[in-house]
Amino acid sequence: WVTQVLSSVDEVVELYRELSRHPGLKAACLGPDVTTQYGGKYCSLYTEWSQRDLARAENVKFCRQYLIFHDGATVVYSGPAGTCSEIKNELLSQESPSGALKAVLRKVPGKEKKEEKQFLEVWDQNCKVKSIDLTALDKHGTVYDDDHFGCLAWSHSETHLLYVAEKKRPKAESFFQSKAPELGGSSEDVGCPEKADVPLKVGSPCPGVGGVQWGSRGADRVLPQGEQFVYHEDWGEALSKRSVPVLCVMDIEASSISVLEGIPEHLSPGQAFWSPDDTGVVFVGWWPEPFRLGLQHCTNRRSALFYVDLTSGACEPLSGNNMAVWSPRLSPDRCRIVYLENNVFGPHQQCSRLRMYDWYTKKTSTVLADVPRQTWGTFPGIYCSALPALCWAADSRRLVLDTAQRSQQDIFVVDTVTGATTLLTADAPQGSWSVLTIDRDILVARFSTPSCPHTLKVAVLPSAGLEAQVQWVCLQDAAPVPGISWSIRTLQPPPEQEHPQYKGLDFDAILLCPSEGPTTQKHPLVVMPHGGPHSVFTAGWMLYPAALCRLGFAVLLVNYRGSLGFGQDSVYSLPGNVGTQDVRDVQLCVERVLQESSLDAGRVALVGGSHGGFLACHLLGQFPDTYHACVVRNPVVNIASMVAATDIPDWCLTETGLPYTPDTLPDPAQWTEMLHKSPMRYIDRVRPCPHPCPCVPASSAGAEAVPLLQVRAPVLLMLGEDDQRVPPQQGLEYYRALKARGVPTRLLLYPGNGHALAGVEAEADGFMNMALWLVKHLQC
């Protein structure tokens with residue numbers, strides 16, 4: 001039996017509309033405890049969700065409140081309080097430490113085609129008490145709301161707010177700008193000279209003592225000439241409007257804004273919060289010299305933890321300056337700061353170390369080191385982009401985090417004194433768990449599987465030593481999507497494909513199969529290797545694989561060697577072996593699944609983005625008889641041509657197995673090696689010429705000189721016009737090469753979209769074109 005998949009446009013549209021409607025759970029915040037007249041306790045839980053609105057072509061955010069009744073040890077009762085409410089134009093929001101106040105950074109669309117404005121608001125229970133027009137004040141540029149630099153931090157005294165914004169750039173004028181005629185007379189006749197804004201200088205009285213003082217310089221503002229078209233570096237993909245960040249402070253009582261001065265100019269500050277006594281600010285500082293490299297998904301950029309004292313004016317490092325650090329979190333007793341640490345350069349993502357700085361002893365210790373090999377029953381290592389914003393238990397000794405453990409994601413509690421770890425999801429269903437927040441030991445988490453969208457879970461963290469007894473309560477359930485079955489498979493490469501230095505490594509794959517219809521049907525297979533390459537598919541909800549499975553395709557998600565969650569050795573095994581080790585792992589997995597499952601070996605397709613696209617293009621060329629259609633999003637096809645255009649040139653050399661330093665200039669042998677490891681090499685091959693004499697032109701060498709076409713499968717390319725990570729020229733290079741060889745090829749170029757093609761319209765259009773391409777060329 002050969003199965004039929006949904007093939008009409010209307011059916012595919014309706015299926016995508018249905019599945020894209022499932023909301024994603026993004027954030028949670030617990031309110032203060034309230035004691036009832038009967039002695040019971042309850043608190044409110046505020047949650048934020050995101051949902052695709054296909055009609056508006058945008059992601060809409062909405063909130064929902066819940067009530068949690070607890071006795072300090074267990075959740076007694078929990079349930080929703082009211083209905084959903086859409087959140088309008090909020091960029092950042094943060095409740096104060098006491099829960100009495102809330103700060104909101106809001107964007108307000110400009111009227112009559114004017115620029116969008118940003119407002120900083122303070123809400124006090126039932127009313128808005130402050131609303132500051134940051135755009136009109138013109139103290140700085142746009143406020144950062146990203147995950148890399150952005151923050152909105154309350155002082156412990158709840159009198160000041162700290163945030164990060166783009167440094168104000170002086171307006172420049174042409175050399176030929178017309179000058180207003182000079183007027184004689186006194187200053188009273190022409191008005192006082194315009195004053196430049198003054199940043200908040202370190203050395204000013206601290207907020208907790210006498211408040212931040214403001215002022216202005218006496219120097220006249222001079223408009224520089226010839227500066228209109230100076231190039232300003234940015235921080236790369238998804239951070240193209242981030243160049244020179246500055247720390248900014250709002251004095252709530254005075255309704256005034258100022259820029260913190262004293263941060264060394266060679267640092268770019270972010271992820272800031274107030275020091276334990278409110279006398280200064282702790283922040284992560286990144287080195288932008290000699291030039292900025294992309295930060296998105298790159299946890300290997302040189303950075304350190306710093307403290308700037310507002311009383312003395314001193315700025316001092318709290319961590320070593322030759323590492324990459326991020327995600328600092330202050331303990332509830334304000335004595336310790338934990339943060340994540342990686343080595344500089346090397347793989348962009350890897351197994352991270354958990355470090356802890358004691359504020360009073362000034363000592364730094366390693367709580368958790370990187371883990372060479374993953375072993376079931378032991379802690380797998382830390383593989384996450386950030387710690388939860390609130391991750392500390394109430395005892396200021398333990399913290400909770402989530403991390404990939406092979407092909408699933410689990411939650412652990414860590415004792416920062418002993419380094420002991422306990423799995424909090426050991427008895428829970430297999431899938432993907434993420435910590436949203438923990439406050440007063442009430443733990444809020446998100447859970448999903450490949451067949452079940454996001455659900456909301458709560459628990460009370462048991463006391464030390466009893467953590468494994470944690471009891472999870474489902475607060476917001478989601479019905480499993482019917483017609484999808486899934487399993488995780490483990491594979492061992494054959495002896496001849498073992499890494500000589502890292503032997504014994506295995507890898508996983510997640511297989512989704514349609515579960516409705518006759519079991520004798522043979523489903524077409526879509527193979528999806530992930531990008532990165534140091535990333536991982538975890539067994540959680542993913543729209544594209546679920547939708548493809550509902551259409552009637554089996555979907556194979558491959559976590560080849562080099563993926564996160566399998567130990568540092570696995571990560572280190574891949575650089576220098578891209579295009580071979582990862583390609584062979586995927587091919588081995590495909591061949592094994594086709595042997596062991598009732599799938600149609602005559603209808604196998606590839607889908608991949610970024611490095612997943614790199615692998616898809618490699619597989620098309622190296623194993624042309626296996627694959628019959630291909631869809632790639634922003635694929636890497638030629639590392640040699642990418643290195644000069646990408647925001648991550650270090651990736652090109654590191655993954656090729658070459659050393660990288662900022663002043664690297666590849667020599668001809670290195671250029672050759674980068675091209676040798678690229679999919680472009682496998683588009684076609686030329687048989688050795690029977691007439692090797694250099695005087696005989698190739699065109700006259702007879703039939704033996706004709707290239708043997710390797711890539712035959714039809715290819716659909718989807719490119720983001722604004723992609724800085726893998727510039728669209730990469731896909732265009734592949735497109736032209738295939739067109740010249742008569743391979744059926746189509747290219748979609750999405751304006752306003754970067755590497756992820758994450759815009760709602762691009763994502764929806766991309767799925768439709770992908771699905772219809774597969775249906776057509778797999779003859780479904």
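Colleague: Which strands does helix α4 lie across, and at about what angle does it run to β34?
Modeller: Helix α4 (residues 543-551) lies across β33, β34 (507-514), β35, β36 (554-559) and β38 (629-633). Helices are DSSP runs of H or I with at least four residues, strands are E runs of at least two, and both are numbered from the N terminus. Axes are lines fitted to C-alpha atoms, for helices over the stretch in contact, and angles run from 0 to 180 degrees between N-to-C directions. Relative to β34, helix α4 runs at about 40°.

Colleague: What kind of model is this, and which pLDDT do side-chain atom pairs need?
Modeller: Residues are numbered from 1 along each chain as its sequence is written, and side-chain values use heavy atoms, with hydrogens and water left out. This is a predicted model: totals for chains, interfaces and linings use all residues, local features need pLDDT of at least 70, and side-chain atom pairs count only at pLDDT 80 or more.

Colleague: Back to that sheet: what is its strand order, and which strands are at the edges?
Modeller: Two strands pair if DSSP finds at least two bridges between them. The order is β33-β34-β36-β35-β37-β38-β41-β42, an open sheet of eight strands with mixed pairing. Pairing on one side only marks the edge strands, β33 (484-491) and β42 (745-750).

Colleague: In which sense do β35 and β37 pair, and what stands opposite V526?
Modeller: Strand β35 (residues 523-529) and strand β37 (residues 599-609) are joined over four bridges, in the parallel sense. Look for V526 there: opposite V526, in β37, stands A605.

Colleague: At what angle do α6 and α7 pack, and is that roughly parallel or roughly perpendicular?
Modeller: Helix α7 (residues 611-622) itself lies across β35, β37, β38 and β41 (715-720). Helix α6 (residues 581-596) packs on α7 at about 70°, with the axes 10 Å apart, and D582, V583, V586 and Q587 of α6 meet α7 residues including F614 and L615. Contact means heavy atoms within 4.5 Å. Angles under 35 degrees count as roughly parallel, over 145 as roughly antiparallel, 65 to 115 as roughly perpendicular and the rest as oblique, so α6 and α7 are roughly perpendicular.

Colleague: Is I510 buried or exposed, and what is its relative accessible area?
Modeller: I510 lies in strand β34, and beyond its neighbours within four places in sequence it is in contact with residues including W486, F537 and L557. L557 is 47 residues away along the chain, yet the C-alpha atoms of I510 and L557 are separated by 5.0 Å. Buried means under 20% relative accessible area, exposed over 50% and partly exposed in between, with a 1.4 Å probe and protein chains only. I510 is buried, at 0%.

Colleague: How far apart are the end C-alpha atoms of helix α12?
Modeller: Helix α12 (residues 760-777) is mostly covered, with 14 of its 18 residues buried. The expected span of a helix is 1.5 Å times one less than its number of residues. That gives 26 Å for α12, which agrees with the distance between its end C-alpha atoms, 26 Å.

Colleague: What is the strand order of the four-strand sheet, and which strands stand at its edges?
Modeller: It is an open sheet with antiparallel pairing, in the order β22-β23-β24-β25. Six bridges join β23 (residues 336-343) to β24 (residues 353-358), and V338 stands opposite M356 in β24. Each edge strand has a single partner, so one side of each is left without a neighbour in the sheet: these are β22 (323-330) and β25 (364-368).

Colleague: What does UniProt place at residues 231-476, and what percentage of that stretch is strand?
Modeller: The unreviewed UniProt entry places "domain: Acylamino-acid-releasing enzyme N-terminal" at residues 47-186 and 231-476; UniProt positions are given in the numbering used here, feature names are shortened, and annotations may be inferred rather than shown by experiment.

Colleague: Which residue in the β18-β19 turn has a positive phi?
Modeller: All of β18 (residues 268-274) is buried, seven of seven residues, so it is largely enclosed by the rest of the structure. Five bridges join β18 to β19 (residues 280-286) in an antiparallel run, and five residues lie between the two strands of this hairpin.

Colleague: Which peptide bond to P533 is cis, and what is its omega?
Modeller: P533 sits in the loop between β35 and α4. The cis bond joins G532 and P533, with omega about 5°.
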